[in-house]
Amino acid sequence: MKKKVAVVTGASRGLGAHIAQVLSEEGYVLALGARDLESLKSLAEELPGEVFPLALDLSDPGSIINFHAAVNETLGPIDVLVNNAGIGVFKRLEEFSDHEFRKIFAVNVQGAWQMTTAFLNDLKDREGMVIMVSSDVSTRVFPNGGVYCASKFALRALTRTFQMENPDIRVLELRPGAIDTYFANSVPGAEGKDGFLKPKDVADTLRYALTVPKHVRLEELVLRSTEQEPEY
Ligand code: NJP
């Protein structure tokens, strides 16, 4: 029987590295993508299963084409795609440069769209699952968060459209609140992050999502630390 194969973007650190850990423990052969190939290689050495670290820059369409070709050639069709990579810059809307705005949308929105499109036929053949890591802010906004929130609203729209257009696969929007990672130039364990989710909390939620029976479609999962205010 063919082994289950999963792709994780943004696996070089933070949440993506924890998701890779979970998938590896669950017996998936992994293709991990990010720009920092050295960190991916170090992670691959620590994980229990078979892991292929590959360079991937989601802001470069050519890099996604090369990544997909390399995965296809080495591992064949995939069962799970985790579009985890994402970036955030937080400031007032009028302070954004054209470059910053485009970069956020290139990585968080267009990159996830192109990755999903590239692997779509595989995923359909194998009745696979796509996990879009968006955010608890994919339905609300806050001052200084406008561009990031807009990118996650857009990702939510893509998630739902992919699902409606492709009933053979399951597409989950995973919506974590604040997580203690390297996000937006922060450092794990830094002051003020005590009340954040740990990346393992989110990765373990994804572990659960992978175990539900095939006739169950989890459409979205929102999780926040109990230290964070509930927002609906
Ligand atoms: O962030 P971080 P998280 N091409 O900075 C990669 C969402 N989220 O783990 O390329 C390819 O530790 C980067 O790799 P590298 C968030 O929006 C977070 O927290 O080597 N990959 C690294 O592996 C995102 O979707 C919070 O630099 C690129 C990874 O992305 C997801 O959680 C709250 C790339 C980022 O790791 C994981 O973020 C929330 C590119 N061009 C949602 N650019 C939170 N942390 O508080 C970056 O609601 N990456």
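## Exercises on strands and salt bridges

Gly 33 stands opposite Leu 54 in strand 3. Keep in mind that this is a predicted model.

**Exercise 1.** Find out in which sense strand 2 and strand 3 pair, and over how many bridges.

*Solution.* Start by locating the two elements: strand 2 covers residues 29-34 and strand 3 covers residues 51-55. Next, look at how they run: they pair in the parallel sense, over five bridges. Finally, bring in helix 2 (residues 37-46), which makes a right-handed β-α-β unit with strand 2 and strand 3.

**Exercise 2.** Work out which parts of the chain the salt bridge between Glu 25 and Arg 207 ties together.

*Solution.* First, check the contact: the side chains meet at 2.9 Å, N to O, and a salt bridge needs the nitrogen within 4 Å of the oxygen. Then place the residues: Glu 25 lies in helix 1 (residues 14-25) and Arg 207 in helix 6, so the pair ties together parts that are 182 residues apart in sequence. Lastly, look at the neighbours: Glu 25 and Arg 207 belong to a network of salt bridges with Glu 26, Lys 200 and Asp 204.

**Exercise 3.** Decide whether Asp 136 and Arg 224 are buried or exposed, and say where each one sits.

*Solution.* Begin with the contact: Asp 136 and Arg 224 form a salt bridge, with their closest N and O atoms 2.8 Å apart. Asp 136 is in the loop between strand 5 (129-133) and helix 5 (146-165), while Arg 224 is in the segment after strand 7 (220-223), 88 residues apart. Now apply the cut-off: buried means under 20% relative accessible area, and both Asp 136 and Arg 224 are buried.

Definitions and conventions:
Residues numbered from 1 in each chain as written. Predicted model: local features only at pLDDT ≥ 70, side-chain atom pairs only at ≥ 80, totals over all residues. Heavy atoms only, no water. Pairing = 2+ DSSP bridges. Helix = DSSP H or I, 4+ residues; strand = E, 2+ residues; numbered from the N terminus. Right-handed = clockwise from strand over helix to strand, strands pointing away. Buried < 20%, exposed > 50% of the residue type's maximum accessible area, 1.4 Å probe, protein only.
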